[in-house]
Structure formats: C-alpha cells, structure tokens
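Have the model open and ready to turn as you read. Let's walk through it one piece at a time, starting with a sheet.

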Amino acid sequence: MDWHILWQYRAALWDGLMTTVWISALAIVGSTVVGVVIGCLGSTPSFFLRRLTSVYTELLRNLPLLVKVFFFYFILSMPTIPAALLGLVLHQSAYIADVTGAGVRSVARGQLDAGLSLGHGYWQVFRYVILPQAVRIVIPPMTTQYVSVIKNSSIVALIAVQDLTYQTQEINVETFRGFEAATAATALYVVVALAVIGSMTLLQRRVLAR
Amino acid sequence: MIVFKNVHKFFGPLHVLNDVSFRVEPGEVVVICGPSGSGKSTLLRCINRLERIDRGEITVDGTRVDDATRDIAKVRAEIGMVFQQFNLYPHLRVLENLILAPMKVRGLSRDQASGIARELLAKVGIPEKELSYPAQLSGGQQQRVAIARALAMQPKIMLFDEPTSALDPEMIREVLEVMVALAKEGMTMVVVTHEMGFARRVAHRVVFMDQGRIVEDAAPEQFFTQAKDPRAQVFLSKILSHI
Amino acid sequence: MTDLRSMVRSSRAKLLVWRIGCAIVLVLALRAVLGLDWSAVAPSWLFLLTGLGRSWLLAVVSIVAGGLAAAPLALARVYGPPGIRQAATALIECVRATPELMIVFWVYFTLPLVTGDQVTSWNAALGSLSVIAAVYLAEVFRAGLYSVPRGQSEASAATGLSGFATFLYVVLPQAVRNMVPALIAQLVGLFKTTSLVYAIGVMEFFRSITVTNNAVFAPYELYLVLALGYFVSCFAITRVVRWFDPKYQLLE
C-alpha cells in the first residue's frame, strides 16, 4: 500500500472536498426550505393539503436518488450541477417534510386548542406556539437528514461532477491506488459529517437554553 | 347570551350531542355534569367552535357560531377557556403566556398587556411567579395561570372544561377559590365539573347530561334533593358519596 | 339544510372529491403515456424485466447476507463487554457515515486485493450492498432488542431462567416481531440503493435501461419505465406492510 500518493494528489482531494462541501451545503439549505414548508403544510387541519403533501412525499420517496438526478440531467438536459442539486433537494425534501410533519404533529393538540380559544388564527398559533416547540423536537432527526445529504452528494460523481468520490475514481485510474484514495475520501466524508453534527448539537444547546 | 337550538353532533356513528337545546343568560353560572361520554366536554367545545356541529344552531352574544363563514377568531376572543390539562405554553414564561394573545390578537402594546397580566396574576394569587416557566409551577399554580391567561383577553364568557380533574386533591381548593371569586363578580361561566361543592356555592343552575342529551336542568338545591330522572339520581348517589 | 352542511364537511365527501380528482389525473396521465411511441421499447421488455429482477435479487441476497453479519455486530453493541462494544459502535458509525457510492467503489477496489484474484462486478456489488445492509440492519436489530421492555428480562430472570434462555425464549421473539416493519423498510431502501451498482458495470435495472436507450434511443419512454419500475416495486411493498400493521410509519 502506498500512502504517499495521497500527499501527491492532495490538491485533487482538496478540490473534491470543497466541491462536496458546497454542493452539500446548497442541497441542505434547499431541501430544508422545501421540506419544512411541505411538512408544515402537511400537518394543517386541511384534508386536501395533507393529501397533496403526502402525494409529494410518497412519489419522491419511492424513487431512487439516481432516477431523479437522471431526470434533470438526461430528460430535461440541464447542466450537471443544477441537475444534481435539484435532484438532491427534491430527494431529501421528501424525508425532511416527513420529519418536520412528525415534529409538528407531536406538539400536543391542547396547545393548538389553547391558542385558538384565545382568539388567535391558526397560523398565529403555529408561529408563536407550535413551531417553537416543534423546532426543539426536530433537530436530532434533522441532523440525520443532513448527514444523508452529505452522503447522497456523492451521486454527482456519476454525472462527472468533480467531487470527492469522483476524485477517488480519478486517482484510481491514474495510480491504481483506489484503496488508499477511497480510505482517505471516506475519512474526509466522516469529517464533514462530524462538522455538521457538531454544529447541530451546538444549535440544539442554544435553542434549549432558556 | 349562549343559545343552543336543537343541536346534533356525530362522531362517526356515535350520536354525541342529541337534540341539545339550552340557554345561558348573562351573569349566569351554569355547571354541567354527567357520566363520562355524556357529551358535556363536547358541548362546551362547541360553544367556541373547537368542535363543529352537524345540525342545529348555536348563538353566542347574538352571533351564530355554527356558521362556517364567520370569522370565528373574533368570537373566540370574547370567550375564555380553561382546560383540564392547563395547556400553558411550556416554552414561554408565565407573563409571556399571558400577554401573547392581548398583543397579537387585540394589538395591545407590551406594556399595556403586561399591566393587565400583572393585575390578573395578583388576582389569582401568584404575582411573584411572572418570570417562571410553567414547568416550575405546581399543578394548582399552573391552572391559576391558565385562568389568568384566559381572563387577559377580558372575555364576556368563561368556559371551564373539568378544570380540577387533573389536580392533586390539596390543590383543587385554590383553583376553585379563584373560580368562586370570578362567579361572584358576575362573570358568565359554563363549568364542566364533578365538584358539587362548587355548584352548591355559586351555580345558578346545574345541567345533567347523559348519552348526549340534557336530562336535568335545575337550580342546585332542587337538583341535589329532588332530581326527577333516575339516571340523575344514580349519578348523584355515586358523586355525593365522595364528599 | 343543516344536514347538507354536515354532509359537505364530512370526511367521506372530501374523500370522494379526492378520489375523483386522482382518477381524472390518472386518466389524463394514461392518455399521455399511451400517446408515446412504444414500438421501439416493446421488444426489450423481457430484458428490462430481467434487469428489474436482478435488482431485486441483489437487494434480497444482500439483506440476508447483511443480516447475518449484522447479528453479531448488534449483539456486540448491546451485550458486549466494554472494549468490544466501543469497537462495534465505531465500526458501525464509520461505515454509516460513508456514502453508499463510496462503499461500492471501495469494495470494488479492495476485494481483488483480498482475494488476490479478479472479482466480477456482480460479486463486488453483492459485497458492497451486504456491507451497507449490515450496518443499517445492525441498528435495526439494536432498536429491536431495546424495544423489548426491561421488565420482560427481569421477570423471566425472576422465574429462574438463565440469561441465555431469557434472550432466546423471551427477548428475541418479541424483538423480532417488533422489527419486521423496519426490516421491510430496509429491504425497500436497499432496493433503491442497488441503482448505484450500475456504476461498476452490473446489468441491473438501471443499466438495462441505459443500455436499451443506447440501442433504440427512446429516452422518454424508457425513463417512464425506469421510474415506474422503481416506484411500483417500492410502493407496493410499503403498502402491503402498512396493510398488515397500519400504525407503523416506514421511515427509512
């Protein structure tokens, strides 16, 4: 095993890492925005909103990520990075919607009753009473989702985006040292995941601090 | 003030409110009692449309509550409700619990709302707890805060849904005292409860419900001593043996 | 008149409106689909079906193999002595933090080094999917073991059953019963993940679609087949599970 090639290819690995980081970051932001909105809409008292949002989540959760990305890349002929981002966002937003909906629904019904009985409209109760309580509940499962985004971002290597996984392949093609490259890349993915988990834990502590 | 006319409500096949007609006049204190499942909580929750009815009419202070097109929030602002499980907002301090609705629904400033809130906290006997969180209070204190929160909107009617049923026995009295004081001030109150001592002290009428129907509707003394319906008599014998 | 109000508001009425709406959408979709040119694709139907079958085969075999590997891992994590427990946890968490595609490549690179021989992409695919299955199943097993209330083992110990007998006759049957929905969810998840192994040349469903497209160039029709193949498979399985146990939410 020749670990020196890792040093030799450090620029490539670094570029791959950066690409992975900013694709993951954009996908996290995008899927959170879409997923939270859909999740909140899906936990309203409206029968039709609930049905429509569950169509959205069912449709997207029963398709592999690859199939969604290929839709944008091959069928709609979008350029690689927008296609990848759109696929990632749609994919993860379905799971985040479910997580958010579960969090909102877990806030006791009595809270809604109390708010409504005081004369607040539904969305006022939602904003001041339900959402603050749901946020606390939702942070741990959301963290899991974000780690999933980071892992799923590796899919972009299959459409020639030069992320960390892609670089691993490249290094293997040039040096046949795929094992070392993959090990290094794995370590870097773990580092990125730990960074996200750490930030979310800090966020949780701040949110819980009264 | 509150008028129910031939109200029916179904939960699926269950006929939860069966041809209910009753009135509450301004300033009256009405106690509703009955076995569980009799529909008394449902009846209460229909007054501020937390539950919808399937047939009939409900009018509160001249406004039809059952009409789906009405702005129910305005009506609800005039009706205060106190729940069995208190339902205080756990993430807000006591004072914040009280001022949220006056600020967001009535548009009061923070100072105005806080002033009213502090007066009410003093009135229910716990002014020193304004900066505490609900979890730091006992059950009796929490329920008194809940009453103060409902009163902060200066409602015309107060609804109580088994307010003492979730309390440890030694705390029931402090809550009932607040309710008695409120009744003596002339507040229109509809109270679902098993606390017959309270009914005896301040209720103008006692209403007994069984299986979705109003079976007895009489002044307290008449209800307790001369209840006509056998179901009411059975219920009374079970309840009063506790006191 | 008030009867009408309750009728309109009733959930049965809304359900009817919803179902009619869905039917209309389905009819329109069907018309659009039939309007496409299926003549190019139709002859390849067996090839594509075989590809779908291979994807399922990969998923099922990997779940079984992964399960076999996961059992000792889960047991180590739950019942193991301190050093072993940490090691098992570290291993599971490290692999779980790795992208699936990376695992596929990693196994594809490493397996030849281990066996000293050429490895077919099918075997590499099985290997990597089994590794992926193993770590997720280890967590499912762990959750299943924890889902049995402690009181159960305490009660059976009080009747004199040994630790091992308690595990075998009291804890394990309950754990297994609680785990079934989660296991099915993992199978469905793994089935979706099989799409990744096309990258190392396995002729599963995804690759059979792209190969067919290279031959006949019918991207829209083929994409529809692709999406439907995965969707119907996953949807059917999750519906069946929900029919058996309605309150369980499959969150894979």
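In this predicted model, chain B holds an open sheet built from six strands, and if you read across it the order is β6-β7-β8-β3-β9-β10, with mixed pairing. At the edges you'll find β6 (79-82) and β10 (213-218) of chain B; each has a single partner strand, so one side of each is left without a neighbour in the sheet. How far are neighbouring strands turned against each other? On average the angle in this sheet is 15°, direction ignored.

Now zoom in on one pair inside that sheet. Strand β3 of chain B covers residues 29-33, strand β8 of chain B covers residues 188-192, and the two run parallel, joined by four bridges. To find your place there, look for I32(B): opposite this residue, in β8(B), stands V192(B). As a bit of background, strands of a sheet pair through backbone hydrogen bonds, and they can do so either parallel or antiparallel.

Another helix, α1 of chain B (residues 40-47), lies across β3, β6, β7 (157-161), β8 and β9 (205-210) of chain B. Compared with β7(B), helix α1 runs at about 150°.

Chain B has another open sheet to visit, this one of four strands in the order β2-β1-β4-β5, and here the pairing is antiparallel. Which strands stand at the edges? They are β2 (14-24) and β5 of chain B, and each has a single partner strand, so one side of each is left without a neighbour in the sheet. Helix α1(B) turns up again here: it packs on this sheet, touching β1, β2 and β4 of chain B, and its direction makes about 120° with that of β1(B).

Follow the pairing through this sheet. Strand β1 (residues 2-11) and strand β4 (residues 55-60), both of chain B, are antiparallel and share five bridges; one spot to look at is V3(B), whose bridge partner in β4(B) is T59(B). From β4(B), move on to strand β5 of chain B, residues 63-64, which pairs with β4(B) over two bridges, again in the antiparallel sense. There, V60(B) stands opposite T63(B) in β5(B). These two strands, β4(B) and β5(B), form a hairpin with two residues between them, and D61(B) in the turn has a positive phi of about 50°.

How many residues are in contact? On chain A there are 37, and they touch 38 residues of chain C. Together the two chains bury about 3,600 Å², with 73% of that on carbon and sulfur atoms. Six residue pairs are in polar contact between chain A and chain C (both at pLDDT 80 or more), and the count of salt bridges between these chains is one. That salt bridge links K151(A) with E100(C), and the closest N and O atoms are 3.8 Å apart. On the side of chain A that touches chain C, the elements giving two or more residues include α5 (80-106), α7 (122-152) and α9 (178-208) of chain A.

Last stop: chain C itself. The domain assignment gives domain 1 (1-35) and domain 2 (44-244), and the centres of these two domains of chain C, taken over C-alpha atoms, are separated by 38 Å.

Conventions: Residues are numbered from 1 along each chain as its sequence is written. Chains are lettered from A and ligands numbered from 1 in the order in which they are written. This is a predicted model: local features need pLDDT of at least 70, side-chain atom pairs count only at pLDDT 80 or more; totals for chains, interfaces and linings use all residues. Side-chain values use heavy atoms; hydrogens and water are left out. Two strands pair if DSSP finds at least two bridges between them. Axes are lines fitted to C-alpha atoms, for helices over the stretch in contact, and angles run from 0 to 180 degrees between N-to-C directions. Contact means heavy atoms within 4.5 Å. Domain bounds come from an automatic or database domain assignment. Buried area is the accessible area (1.4 Å probe) that two parts lose on being put together, summed over both. A salt bridge is a side-chain nitrogen of Lys or Arg within 4 Å of a carboxyl oxygen of Asp or Glu. A polar contact is a pair of N or O atoms within 3.5 Å; within protein, one must be able to donate a hydrogen and the other to accept it, and residues adjacent in sequence count only if both atoms are side-chain atoms.
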